[in-house]
Amino acid sequence: MRRLAGVAKRYGRNNYVLDGVELTIEPGNVVGVVGPNGSGKSTLLRIVAGLARPSRGTVTGDPVTGYVPDRFPGAQRLTALAYLVHMGRISGLSTAQARARGGAWLERLALAGGPDTPLRELSKGNAQKVGLAQALLAEPRLLVLDEPFSGLDESAHGVLGEVLAELSAREAGVVFTGHSAGRTRAHATTTLRLAAGSLRALEPESDATAVVVLTGAATDGWQTEPDVLSAVERSGAVELTVLARRCDEILLLALRRGCSVRHVDRRE
Ligand SMILES: Nc1ncnc2c1ncn2[C@@H]1O[C@H](COP(=O)(O)OP(=O)(O)OP(=O)(O)O)[C@@H](O)[C@H]1O
C-alpha cells in the first residue's frame, strides 16, 4: 500500500538525515521504528505520510492516510469536538458523521474535561488524544503516528494498543515511532531501527543502547564510528547513543582519544 525505495532526505545543504531507506508497508502491517533523538524518525514519518518529499528516491502507493504529529497544534479557541467536526468536514464527512465519530473517539480515549474542552486548555497527553481522534476520523488505510506512546497515560496506552491491533485486523497499515524497543516491539508486527540514515531490523541482542557523555570531544569523529547510533552536542559535552554491547570498547576509544567520561547510562 506504501513503498519507499532508495529514499534520501537532507534539509538545505546539511548532511543527509535519511539515506537509502527501504520500507514496504503491506495491509495489516504495524511497523514500529525506534531510534535516538535526531535520528530522523519524524522526517521519515512525514515522508511516509506524504507530507514531505524525499530529496532522492521514490514513494509509491496512495492510501487514505491519517497522521498524528508528535506535537499537536493546540493553541486554538475551538473545542475538541468542534475541531474534530471541522477536520472531518475537510476530509469529506458530513457534519453529523464527523460529530458522531469524533465524539465516539473522544469518549473511547477518555478525554479529560470532555468534548467541549477548548483545545488550548488541554494538557499534552489530552491534546495528543484529540490528534489521534482526528487521524482516525476518516477511517485511514494507513495510519502514521509520531511517538504516540510518549505523552499518553496508561489507560490511553491500552486503548491505543487496541486501536493498532484493530487497524491491523482490518488490513490497514500502521507506522509508528518510539524510544522504547520493548514497548515498540509489543505493538508492532515488524520493528526496525533507524540509525545512520537507514532502517535495519531490530535484532533482539542489539536492542540495548547506552548513553555515554564525554567532555573534551567533538561530534565529528564519532558520527561515523560503527555502532554509535548518534552523536550530539549538549551543554558543552558530546552525548553518544551507542549499542550497549559495544559500550566498553567505545569508552576505551574515548579515553585513547583524550576525552573524559562524564556519565554512562544503560537503557533498555
Ligand atoms: N525542517 C527542518 N529544517 C532543517 N533541519 C531539520 C528540519 N526538520 C528536522 N531537521 C533536522 O533533521 C534531523 C532529524 O530530525 P527529526 O525530527 O526527523 O529526528 P527525530 O528522530 O524525530 O528526533 P526526536 O526523537 O528528537 O523527535 C535533526 O538534525 C533535525 O535538526
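Analyst: A crossing counts as left-handed if the near helix is turned anticlockwise from the far one by less than a right angle, and as right-handed if clockwise. The numbering of residues starts from 1 along each chain as its sequence is written. The model is predicted: local features need pLDDT of at least 70 and side-chain atom pairs count only at pLDDT 80 or more, while totals for chains, interfaces and linings use all residues.

User: How many helices and strands are there in the chain?

Analyst: Along its principal axes, the C-alpha trace spans about 65 × 40 × 35 Å. Helices (DSSP H or I, at least four residues) and strands (E, at least two) are runs numbered from the N terminus. The chain has 8 helices and 13 strands.

User: In which hand does α2 pass α4?

Analyst: The axes of α2 and helix α4 (residues 124-137) come within 10 Å and cross at roughly 25 degrees, where axes are lines fitted to C-alpha atoms over the stretch in contact and angles run from 0 to 180 degrees between N-to-C directions. This makes α2 roughly parallel to α4, as angles under 35 degrees are so classed, with over 145 roughly antiparallel, 65 to 115 roughly perpendicular and the rest oblique. The crossing of α2 past α4 is right-handed.

User: How many charged residues has the contact of α2 with α4?

Analyst: From α2 come A80, Y83, L84, M87 and G88, and from α4 come V130, A133, Q134 and L137; contact requires C-beta atoms, placed from the backbone, within 7 Å. Ala, Val, Leu, Ile, Met, Phe, Trp, Tyr, Cys and Pro count as nonpolar, Asp, Glu, Lys and Arg as charged, and the others, Gly among them, as polar. The contact of α2 with α4 has 7 nonpolar residues, 2 polar residues and, as for charged residues, none.

User: How many charged residues has the contact of α2 with α3?

Analyst: In α2, A80, L81, L84, V85, G88 and R89 meet T95, Q97, A98, R99, R101, G102, G103 and L106 of α3. This contact has 6 nonpolar residues and 5 polar ones, and the number of charged residues is 3.

User: Which helix gives the largest share of the shell around the ligand?

Analyst: Y11, V17, G35, N37, G38, S39, G40, K41, S42, T43 and D70 surround the ligand, each having its C-beta atom, placed from the backbone, within 6 Å of the ligand. By class, this shell has 2 nonpolar, 7 polar and 2 charged residues. The largest share, 3 residues, comes from helix α1 (residues 41-48).

Methods:
Two residues are in contact if their C-beta atoms, placed from the backbone, lie within 7 Å.
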